[in-house]
Amino acid sequence: MAPTVSIRLHPSCNGEYYTEREIISGSIVLELKELTYIERLTVSLRGITQTTTIIETDRYHAQQSKQKLRWPYEKDRSTHVVFNESIILFPSKKVSDVLGEEEGGFGVTQGRYCYNFSFQLAGNHKCLSQHQAKYESFLEGEKAVINGSHLPPSFNDSNIGKNPESVDLFFYSLGRVRYVLKTDLTLGEPQKYSLAPGSLIADTQLIKFMPTQCNSCTDPCQYMVNPSRAVLSYCSPEVLLPGDAGNVTLQVNSKGLDQLHRMDYLFKQNTDKFDRLQLLFNKPSYGLDIKLVYLQLDLIEHVDYLANNIKNNNISQLTVMIEKMDYNLSLEKLHQTKNDMWELPIELGWNANLNRLRFNEENYTHRGNKLFSFTSCNIERRFWLKLKLSWKIQGMPINTEVIIDPVTVFADVAQSLIIQPPPEYEEPPPKYEEILP
């Protein structure tokens, strides 16, 4: 009977995925039903980031017809090996050093054998040194320093072999990052010839990986609300008001909207997200009747695939919040700014639904992937936010939209940062003086 090998993997600390700080360990179980000659037993861990791109004319035709690509179409493929390590489990290094390679393999008696192994998915993209100048990469310049110093997360690795339900999902499935653990058994004489041609004695297991850089901000000081962080302003296009009331613009001021973690409050006061909204008028608007009637917040996912200088983009939208409202803005706080604009704060803290809204509280899985930003050699996944507020100003319906771009999305909850003040001494600390002989 043919021997068998199987992988027994120790689970990750969180039960979902491994990080670069964890040791991926387990054992390979070898079962022999009779005396068997073995040349080698190995285990390897390999990570690849792979894309297939299609020229835009074929993509456009498929999207317009709402049908999958069934005809011959031009495509380019890019495969980068970001991690590749292997371990020889049998024969051991001690045996190999003493006996060398035994012709026909080593005879191993019937029984069950376990071989321990360990890997660590740490370090940079192994393929960076092999990039060719004639081909574009998302890891160039500053991005190579920031994103190339750590391995990319698993992405679309569970969608392989599945039949996409729509054209958009088909295009989305053409990029993936996979980490695969594999064990191979190579038989010696004469067993190797007893196997059917092309048959292998092997076992594989998919490894879910999430680097710390995608899971949570690695430097909490750069994330938490910080007085030293610059205020970023995002504005909608100007909208013409009825009559001669001039123009109005929706403005969002924030120190923290460029980064989002799970469970972040979005509209709650003093969170530096959407808690500082205002309308900007180019004319005094004391006589206007202004009513907020609708709010919608969307998260836009933008995924780019690159292969042989051909880039395809995939855009999808997730609705975070929809709230119908009937809120009359008070003009008491309307005031003139230094640049001769008139500013009216929008206070939404009274709305209970907005006040308790947290980002990605349900830990959403979008098209098989958690929500996180990342950049690899040939895949870039980015996000932005779109806030839409609908108004009735003097009875006239008006829409204002603000785009928050870019937004770095992290997969987990932010680590809290509490900066303790320096201790206050009840008595002054002692003084030390050097006494010279």
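Modeller: Rings of Phe, Tyr and Trp (its six-membered ring) pair if their centres lie within 6.5 Å; planes under 30 degrees apart count as stacked, over 60 as edge-to-face and the rest as tilted. This is a predicted model, where local features need pLDDT of at least 70, side-chain atom pairs count only at pLDDT 80 or more, and totals for chains, interfaces and linings use all residues. Residues are numbered from 1 along each chain as its sequence is written, and side-chain values use heavy atoms, without hydrogens and water.

Colleague: How many aromatic pairs does the structure hold?

Modeller: Among the pairs is that of F117 and F119, with 50 degrees between the planes and 6.0 Å centre to centre, hence tilted. Ring pairs also link F155, Y172, F372 and F374 into a cluster. The count of aromatic pairs is 11.

Colleague: Is F119 buried or exposed?

Modeller: Buried means under 20% relative accessible area, exposed over 50%, partly exposed in between (1.4 Å probe, protein chains only). Because its relative accessible area is 3%, F119 is buried.

Colleague: Over which ring does the charged end of R381 sit?

Modeller: The criterion is NZ of Lys or CZ of Arg within 6 Å of the ring centre and within 35 degrees of the ring normal. For R381 the distance to the centre is 5.0 Å, and the ring is that of F372.

Colleague: Which residue in β22 stands opposite L387?

Modeller: Strands are DSSP runs (E, at least two residues), numbered from the N terminus, and two pair if DSSP finds at least two bridges between them. β21 (residues 379–393) and β22 are antiparallel, with 10 bridges. Opposite L387 stands V402.

Key. Helices (H or I, at least four residues) and strands (E, at least two) are DSSP runs, numbered from the N terminus.
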